[in-house]
Amino acid sequence: MKKLAIGLGLIATCAAAIAIAQEAPRTEEVRLNEIQVIGTHNSYSQGVDPRLLALADARIGPMMAGFVKNMPEAMKADWQEYHPNFISFSEGLNYRYTSLTEQLDAGMRSLEIDINNDPQGGRYAHPAGLAALRATGVKDSDMLPYDATDMEKPGLKVFHVADLDVRSSCNLFSRCLKNLRAWSDAHPNHAPIFILVEAKSDAVPVFTGATPPLAFDRAAFDEMDQSIFREIGRDKLVTPDQVRGTYPTLEAGVLAHNWPTLAKSRGKFVFLLLTAMDPRALAAYHAGHENLEGRAAFLRATPGQSYAAFLLLDNANVRAKEIPERVKQGYLVRARADIETYEAKVNDPSRANQAFASGAQIVSTDFYKPGNAYGTSYVVRLPGGGEARCNPVNAPKGCRLER
């Protein structure tokens with residue numbers, strides 16, 4: 001019994017020492033999840049012709065009003081978190097960008113790319129919205145230009161809404177990736193770049209002859225991964241396998257703060273996959289890869305899932321308490337500085353300020369430079385400037401980043 005008591009005492013002492021070590025201020029080298037960057041939302045988008053938006057408003061507005069009115073209360077609360085302000089459909093799309101490389105040159109270290117499944121090619125090559133606009137008498141030469149390059153080729157296509165918001169700076173996902181790799185090679189010591197990839201499959205059938213989007217299955221996600229591995233290169237990626245390491249699950253590695261150091265992450269990309277929270281859509285990526293073994297991207301998750309590493313908590317006002325807690329635990333979090341352009345319209349920086357203060361590692365905006373469609377002075381910049389800053393919530397004591 002005496003030996004047993006001594007053994008139990010040693011175990012308790014070791015456990016206490018481990019707990020103290022975990023609670024002690026961290027002073028080691030800055031890690032990937034201990035920085036904060038600013039990025040853009042729907043970074044490929046070149047905007048929608050205003051006359052086409054007017055057509056869409058007339059048709060989508062009544063549909064959306066009825067949809068929200070008849071929504072179950074539990075669903076309505078979730079909807080309102082991600083769509084917190086009353087704004088028209090066209091105002092929600094009241095932004096546009098130039099090239100991905102121009103945004104990277106401007107210091108953006110997160111970009112968002114929407115992908116659409118098109119294994120045969122040509123599925124989305126003839127947008128019904130443009131045909132509807134022509135039917136009103138508008139000539140192609142009078143529209144905002146639509147570049148259909150690569151749209152007939154097989155492969156994942158990059159645009160926001162089929163038949164409507166289709167003007168992209170790079171129509172093929174693989175071409176977007178080539179642009180990213182070329183920029184990275186020209187700036188080899190850049191801070192890690194977080195690429196959000198959203199798999200789109202929602203239909204918006206407001207025009208005659210609308211194209212039903214294809215759902216994402218395992219083959220489509222395998223194509224996405226292989227495109228990333230091929231065009232970006234495995235040596236230029238931070239992957240779920242690296243963060244899991246020898247831990248039994250990816251989430252265990254995250255909670256153990258097993259993210260690579262910032263120094264080892266420079267010149268690399270982190271891919272973060274968004275899908276609908278429908279378990280079937282999520283399973284198409286993680287089934288057979290319960291900890292995202294071999295996968296290129298981290299998957300949007302809920303804490304407690306074995307693959308949980310990346311959380312989408314866009315509304316930092318609603319999640320003001322939760323986001324700092326999750327960041328301290330080790331998760332990567334994305335929040336938005338502005339949602340559906342409302343903050344630019346009313347010139348209100350409070351959501352952006354809250355997002356930065358929350359410690360969300362990625363803060364996305366549609367307005368990273370002056371000059372918006374509303375004529376307000378609203379613009380969002382990373383506090384202190386530069387391409388990244390020490391995270392205000394979880395960075396180690398004495399953190400300083402190169403400028």
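Q: Let me start with one residue. In which strand is Val363 found?
A: Val363 sits in strand E9. Keep in mind that this is a predicted model.

Q: Is Val363 buried or exposed?
A: A residue counts as buried when its relative accessible area is under 20%. Val363 has 0% relative accessibility, so it is buried.

Q: Which residues is Val363 in contact with, leaving aside neighbours within four places in sequence?
A: The list runs Gln36, Val37, Ile38, Gly39, Ala335, Ala337, Ala355 and Phe356. Sequence distance and spatial distance are separate things to check. For Val363 and Val380, the gap is 17 residues in sequence and 9.6 Å in space, C-alpha to C-alpha.

Q: How do strands E1 and E9 pair?
A: Start with the general idea. Strands in a sheet pair through backbone hydrogen bonds, and the pairing is either parallel or antiparallel. Here E1 (residues 35-40) and E9 (residues 362-365) pair in the parallel sense, over four bridges. Thr40 stands opposite Thr365 in E9.

Q: What is the order of the strands in the open sheet that holds E9 and E1?
A: Read it as E7-E8-E9-E1-E10. That makes five strands, with mixed pairing. E7 (310-312) and E10 (389-390) stand at the edges. Each has a single partner strand, so one side of each lacks a neighbour in the sheet.

Q: What is the order of the open sheet that contains E4 and E5?
A: The order is E3-E2-E4-E5-E6. It too is open, has five strands and shows mixed pairing. At the edges stand E3 (157-158) and E6, each with a single partner strand, so one side of each is left without a neighbour in the sheet.

Q: In which sense do E2 and E3 pair?
A: E2 (residues 110-116) and E3 pair in the antiparallel sense, over two bridges. The bridge partner of Asn116 in E3 is Lys157.

Q: Now E5. Which strands pair with it in the parallel sense, and over how many bridges?
A: Take E4 (residues 193-200): it pairs with E5 in the parallel sense over six bridges. Then take E6 (residues 297-299): it also pairs with E5 in the parallel sense, over three bridges. In E5, Leu272 is the bridge partner of Leu196. In E6, the bridge partner of Leu272 is Phe298.

Q: Which way do the side chains of E5 point?
A: In a regular strand, side chains alternate between the two faces of the sheet. Phe269, Phe271 and Leu273 point one way from E5. Val270, Leu272 and Leu274 point the other way. Both sets are buried.

Q: What about Glu198, and where is it found?
A: Glu198 lies in strand E4. Its relative accessible area is 24%, so it is partly exposed. Leaving aside neighbours within four places in sequence, Glu198 is in contact with Glu112, Ile113, Asp114, Ile115 and Leu274. Glu198 and Arg300 are 102 residues apart in sequence, yet 10.0 Å apart in space, C-alpha to C-alpha.

Q: Now the whole protein. How many helices and strands are there?
A: The protein has 15 helices and ten strands. Buried residues make up 51% of the 403 residues.

Q: What radius of gyration would a compact globule with 403 residues have?
A: It would be near 22 Å; the protein has 22 Å, which agrees. The C-alpha atoms fill a box of roughly 95 × 50 × 45 Å along the principal axes.

Q: How many positive and negative side chains are there?
A: There are 45 positive and 46 negative side chains. The centres of the two sets lie 4 Å apart.

Notes:
Residues are numbered from 1 along each chain as its sequence is written. This is a predicted model: local features need pLDDT of at least 70, side-chain atom pairs count only at pLDDT 80 or more; totals for chains, interfaces and linings use all residues. Side-chain values use heavy atoms; hydrogens and water are left out. The radius of gyration is taken over C-alpha atoms; the globule rule is 2.2 Å times the number of residues to the power 0.38. Buried means under 20% relative accessible area, exposed over 50%, partly exposed in between (1.4 Å probe, protein chains only). Lys and Arg count as positive and Asp and Glu as negative; His and the chain ends are not counted. The place of a charge is taken as NZ of Lys, CZ of Arg, CG of Asp or CD of Glu. Two strands pair if DSSP finds at least two bridges between them. Contact means heavy atoms within 4.5 Å.
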